[in-house]
Amino acid sequence: MTLRIERVHGRIRLSGELRVGLLDQVKTEIELCESPVVLDLEELDLIDLEGVRFLNACEAKGVSVLHCSPYIREWMLQERGRPKEHPEQ
């Protein structure tokens with residue numbers, strides 16, 4: 001399955017799988033959307049680590065993330081609590 005992106009009632013609805021290769025498409029939709037931006041994840045089935053990090057970054061920028069499944073929300077919380085990775089200097 002792939003990712004389906006729809007604008008529905010002022011929201012961006014994501015359905016299917018949110019993976020790193022599709023994040024640019026979601027970023028473009030967010031940029032085109034009027035504020036306040038709302039991501040509706042009710043029909044999102046799968047996500048990868050970069051997708052979780054992306055959702056955390058969205059929330060940090062004021063984007064609302066609604067109807068997030070419990071496993072995705074928990075993963076987002078765990079990822080927020082991790083120390084940031086710093087490359088060797």
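Guide: This model is predicted: local features need pLDDT of at least 70, side-chain atom pairs count only at pLDDT 80 or more, and totals for chains, interfaces and linings use all residues. Residues are numbered from 1 along each chain as its sequence is written, and side-chain values use heavy atoms, leaving out hydrogens and water.

Guide: Helices (H or I, at least four residues) and strands (E, at least two) are DSSP runs, numbered from the N terminus. Contact means heavy atoms within 4.5 Å.

Visitor: What do the buried residues of helix α1 pack against?

Guide: They pack against β1 (3-8), β2 (11-18), β3 (38-47) and α2 (49-60).

Visitor: Which residues of α1 are buried?

Guide: Buried means under 20% relative accessible area, exposed over 50%, partly exposed in between (1.4 Å probe, protein chains only). An α-helix has 3.6 residues a turn, so residues three or four places apart point the same way. In α1 (residues 23-32), Leu23, Val26 and Ile30 are buried. They lie on the same side of α1 because they cover an arc of only 60° around the axis, taken from the directions from the helix axis to the C-beta atoms. Asp24, Glu31 and Leu32 are exposed on the other side of α1.

Visitor: In what order do the strands of the sheet come?

Guide: Two strands pair if DSSP finds at least two bridges between them. Here 4 strands make an open sheet, ordered β1-β2-β3-β4, with mixed pairing. β1 and β4 (64-66) are at the edges, each with a single partner strand, so one side of each has no neighbour in the sheet.

Visitor: How many bridges join β3 and β4?

Guide: These two strands pair in the parallel sense over 3 bridges. Asp40 has Leu66 in β4 as its bridge partner.
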